[in-house]
Amino acid sequence: MIRYLSAGESHGPGLSIIIDGFPSNLPVSKDVIDDQLRRRQMGYGRGFRQRIETDTVEVTSGIRFGKTLGTPITMNVANRDFKNWTERMSVFGDKPDDLKEIYRPRPGHADLAGAIKYDHEDIRNVLERASARNTATIVAAGALARQLLGQFGIQVTAHVVELCDVVAKDLPDDLDALIEAADASEVRCADKEAEAQMIARIDEAKKNGDTVGGIFEVIVRGCPIGLGSYAMPDRKLDGRLAGALMSVQAIKGVEIGLGFEAARRFGSKVHDPIAHNGSRYLRSSNGAGGLEGGVTNGEDVVIRVAMKPISTLYKPLPSVNMKTKETELAEIERSDYCALPAASVVGENVVAWVIADALTEKLGGDSLEQMKDNYDQYIKRVSRR
């Protein structure tokens with residue numbers, strides 16, 4: 001029901017996204033979008049690029065006087081560093097004679113496969129678009145989506161639960177306390193003891209010219225029963241969430257609820273007993289992570305996402321010069337030592353987008369008012385069950 005197309009290169013003039021399918025009359029705050037872009041740039045372990053860029057969004061269509069029009073929304077994020085790359089990333093004109101081209105692909109990156117797929121000699125033609133810098137547009141789209149979700153009382157948040165071999169264990173049970181603690185942490189971890197150990201691991205990686213990844217958890221509260229569908233594979237909400245998250249740079253795994261742990265237990269220790277309190281169905285546990293058969297069941301949607309260490313190493317691994325076919329060390333690009341805290345913010349906004357898509361699919365309506373009318377009727381119908 002909602003969709004987008006994004007474009008742009010990491011060191012090009014800027015990043016753009018065109019969004020279609022949002023209802024009219026949705027109040028939109030630019031500050032909310034800019035705040036999500038700011039959060040994406042934060043986190044212990046980020047590199048020098050974050051000191052150059054101060055991401056803010058420019059909206060050039062689809063919104064008037066702070067409300068959506070129901071027509072395509074265009075958002076742009078400028079690359080302030082482009083002024084230092086103007087000749088190297090020129091859209092038109094001749095290639096400079098002294099241009100430094102890249103021929104040594106980085107293991108773990110799209111460099112080699114992308115250069116072969118698109119017949120590029122200079123790997124920069126690949127890495128500019130494959131760069132995680134392009135998640136800025138995804139976050140902008142998610143920031144718009146979370147404003148739609150807020151109209152229906154749906155809240156999305158994320159926090160880091162593992163970094164390298166450090167696991168957060170002492171976490172608040174209350175979601176608001178968890179969010180507050182994560183927001184106050186440099187690594188978005190709500191466990192203070194684990195936070196200190198995570199920072200130490202990042203410092204160790206930096207000292208050794210290495211990188212670290214980890215796992216973050218996304219929690220969605222307030223989803224009504226019935227988003228998604230079991231009727232067709234491509235409509236299953238768990239599949240849509242996993243696919244969207246796996247499309248984010250450096251993400252290598254997604255678990256919903258117990259995830260892989262469910263495979264290690266008997267069914268009686270996995271599935272969530274169903275009860276009724278006189279007004280609604282409820283569960284004594286949430287091993288399913290809020291999704292059964294690809295459909296939300298009214299409990300919190302809980303997703304864990306694994307991010308690999310960043311591919312650029314300041315002590316690079318062996319590679320091959322694609323020109324000479326000789327063994328050489330991989331290229332070094334300016335990069336982070338750890339981007340896991342930022343990835344959790346990206347994950348939040350990716351999930352917000354997918355949930356908003358499922359909500360608009362469920363409710364229909366060309367305006368926010370029509371969506372709210374349909375929502376109220378649906379909730380009344382559900383409550384009678």
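So, is R146 buried or exposed? R146 is buried, with a relative accessible area of 17%. Buried here means under 20% relative accessible area, exposed means over 50%, and partly exposed is in between, using a 1.4 Å probe and protein chains only.

Quick housekeeping before the rest. This is a predicted model, where local features need pLDDT of at least 70 and side-chain atom pairs count only at pLDDT 80 or more, while totals for chains, interfaces and linings use all residues. Residues are numbered from 1 along each chain as its sequence is written, and side-chain values use heavy atoms, with hydrogens and water left out.

Okay, back to R146. Its partner is E348, and the two form a salt bridge with the closest N and O atoms 2.9 Å apart. E348 sits in helix α9 and R146 in helix α5 (residues 135-150), so this pair ties together parts that are 202 residues apart in sequence. E348 counts as buried too, at 1% relative accessibility. And there's a network here: salt bridges with shared partners join R39, R146, D183, R188 and E348.

By salt bridge I mean a side-chain nitrogen of Lys or Arg within 4 Å of a carboxyl oxygen of Asp or Glu. Helices are DSSP runs of H or I with at least four residues, strands are runs of E with at least two, and both are numbered from the N terminus.

How many salt bridges does a search of the whole structure find? It finds 29. One of them pairs E333 with R124, at 2.7 Å from N to O. That pair links distant parts of the chain, 209 residues apart: E333 is in the loop between β17 (327-329) and α9 (340-363), and R124 is in helix α4 (residues 124-130). Both E333 and R124 are buried. Then there's R106 with D111, meeting at 2.8 Å, N to O, and again R106 and D111 are both buried.

Now the surface. E87, D94, D97 and D98 form a negative patch. Patch residues have over 30% relative accessible area and no salt bridge, with like charges joined within 9 Å. Of that group, E87 lies in the loop between β6 (73-78) and α3 (111-117), and E87 is exposed, at 60% relative accessible area.

There's a positive patch as well, where K380, R381, R384 and R385 gather. K380 belongs to helix α10 (residues 368-383), and at 48% relative accessibility K380 counts as partly exposed.

Terms used:
Patches are made of residues with over 30% relative accessible area and no salt bridge: like charges are joined within 9 Å, nonpolar side chains (Val, Leu, Ile, Met, Phe, Trp, Tyr) within 5 Å. Accessible areas come from the Shrake-Rupley method with a 1.4 Å probe; for residues, only the protein chains shown count as cover. Lys and Arg count as positive and Asp and Glu as negative; His and the chain ends are not counted. The place of a charge is taken as NZ of Lys, CZ of Arg, CG of Asp or CD of Glu.
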